[in-house]
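Colleague: I am new to this structure. Could you take me through it step by step?

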Amino acid sequence: MPFTCRLKMDSSAPKRARACKEETVFEGYLHDVTQMKTSGNNDDFFNCYLQTSRDKYRRCVVFDATKHGDYGMSAADRKPLKISSAGTIWCKFNPGQLDICIRRGSIKKVLKSLDFDYIEKPSIPNSVEESLVPESVARQRLEVEQQEEVEQQEVEQEEVEEEEEEVEQEGITAVREPVCGIHLAYQRQCSSCNEGQLAFNIKAINHRCEACGFYQKVGSNVKAATGTVWVNKGDVKLTLKLTSTVLMTYLSQNNLQGLLAGVQLVEEHFLAGVFEIKYNVNNEVVVVTTGNV
Ligand SMILES: [Zn+2]
C-alpha cells in the first residue's frame with residue numbers, strides 16, 4: 001500500500017467512493033471477509049457476505065479500513081448481527097444486482113438471535129469475484145530455515161527418490177510430513193508498513209508504529225496472525241515462518257475462517273494433518289497444503 005494512500009484513509013474526513021443509496025438496516029451472519037483492496041479510484045475497501053436468510057448471501061462492499069479486523073472477527077464468531085445506516089450499491093460484476101454498502105457511519109451490533117441459523121456459505125467457483133481474491137498461498141514468499149545445511153541435501157535427495165512426480169519442476173524441494181510443532185500469535189500490524197507491533201496496548205487511543213513511526217488510531221492497526229511451523233523430516237528440522245498473508249489466505253481458501261475464533265483451533269488444525277511444502281532454491285514457497293494422511 002502506498003503511504004500516501006493510507007494517510008488519506010486515516011484523515012477525519014470520510015472518503016466517498018461510488019455513492020451509496022438509501023438508509024437501510026440489514027440482519028444476518030457475516031461470511032468470507034476478504035483482505036483489504038484498493039479500487040481504481042484509490043479507495044480502500046474490502047468485501048464480505050451477509051447471510052440474510054437461510055440460503056441467501058448478499059455481497060457487501062465495506063468502504064472503511066478500520067472495520068476490517070472487527071468484521072473478520074465477527075465472521076469467525078458466527079453471531080447474528082444487525083448492520084444499520086448501511087445502503088446499497090450496484091454490483092460491479094453482476095449487472096442488476098444490488099450489493100450492501102457499508103461506510104464509516106454504518107453500525108454493526110450483535111443480536112440475541114435470528115430466525116435462521118448460520119450456514120456455511122457455499123463457494124462459487126469460477127466467478128469473476130473469485131479471481132479478485134488476493135494472492136494465493138503459492139505466490140507467497142516464506143522463510144525456510146534449515147538447522148544444518150548438510151542435511152538439506154539429504155532431504156532433496158530423498159525427495160527425488162520418493163516423490164519423483166512431486167519434484168519434476170527444476171529446483172523444487174518437496175517435504176510432506178506431519179507437523180510436529182506450531183506456534184501462532186495474533187498481533188497488530190501497522191496499517192502503513194505492515195510491521196508487527198510488539199508493545200501494542202489495546203486500551204490506548206493512539207499508537208506509534210515501532211518500525212515506521214506512523215502515528216495512528218489503535219483501531220487502524222490491522223489484526224493479523226503470524227506463526228512458526230516445525231516439520232521433522234528424519235533428523236532434519238524445517239522451520240517455516242508463516243506470514244499473516246499466508247495464514248489468512250490459507251484459512252480462507254480452505255474455508256476455515258471459523259477457526260480464527262481461537263489461535264489454538266488453528267494450531268490444532270495444523271497439528272492434526274500432514275503438512276506439505278514445496279519451495280524453490282530461493283526459499284520461495286510454491287505450494288503449502290495440509291490434509292489428512
Ligand atoms: Zn509502520
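Colleague: In which sense do strand β9 and strand β15 pair, and over how many bridges?

Modeller: This is a predicted model. In it, strand β9 (residues 173-189) pairs with strand β15 (residues 274-279) in the antiparallel sense, over six bridges.

Colleague: How many bridges join β9 to strand β13?

Modeller: Ten bridges join β9 to β13, which spans residues 222-233, and the two run antiparallel. Here Q189 stands opposite V222 in β13.

Colleague: Which residue of β10 does Q189 stand opposite?

Modeller: Q189 stands opposite G196 in β10. Strand β10 covers residues 196-197 and pairs with β9 in the antiparallel sense over two bridges. The hairpin of β9 and β10 has six residues between the strands, and N194 there takes a positive phi near 70 degrees.

Colleague: Turning to the metal, which residues coordinate the zinc ion?

Modeller: The zinc ion is coordinated by the SG atoms of C190, C193, C209 and C212, at 2.3 to 2.4 Å. Along the chain, these donors follow the spacing C-x2-C-x15-C-x2-C.

Colleague: Why is the arrangement around the zinc ion called tetrahedral?

Modeller: The four donor atoms subtend angles of 105 to 113 degrees around the zinc ion, and therefore the arrangement is tetrahedral. The cut-off for that label is that all angles lie between 85 and 135 degrees. For comparison, the ideal angle for four tetrahedral donors is 109.5 degrees.

Colleague: Is C190 buried or exposed?

Modeller: C190 is buried, because its relative accessible area is 0%.

Colleague: And what does C193 count as?

Modeller: C193 has a relative accessibility of 28%, so it counts as partly exposed. The buried class requires under 20%.

Colleague: On to the helices. Which residues of helix α5 are buried?

Modeller: In α5, which covers residues 263-272, the buried residues are V266, E267 and F270. They lie on the same side of α5, because they cover an arc of only 100 degrees around the axis.

Colleague: Which exposed residues does the face turned away from that side carry?

Modeller: That face of α5 carries the exposed residues Q264 and A272.

Colleague: What about helix α2: which residues are buried there?

Modeller: Helix α2 spans residues 68-77, and its buried residues are H68, Y71, S74, A75 and A76.

Colleague: Which residue follows α2, and what is its phi?

Modeller: R78 follows α2, and the phi of R78 is positive, near 60 degrees.

Conventions:
Residues are numbered from 1 along each chain as its sequence is written. This is a predicted model: local features need pLDDT of at least 70, side-chain atom pairs count only at pLDDT 80 or more; totals for chains, interfaces and linings use all residues. Side-chain values use heavy atoms; hydrogens and water are left out. Two strands pair if DSSP finds at least two bridges between them. Helices (H or I, at least four residues) and strands (E, at least two) are DSSP runs, numbered from the N terminus. Donors are N, O and S atoms within 2.8 Å of the metal (3.2 Å for Na, K and Ca); water is not among the atoms, so sites may look incomplete. Four donors count as tetrahedral if all angles lie between 85 and 135 degrees; four count as square planar and six as octahedral if opposite donors are over 155 degrees apart and all others between 65 and 115; anything else is irregular. Buried means under 20% relative accessible area, exposed over 50%, partly exposed in between (1.4 Å probe, protein chains only). The arc is that of the directions from the helix axis to the C-beta atoms.
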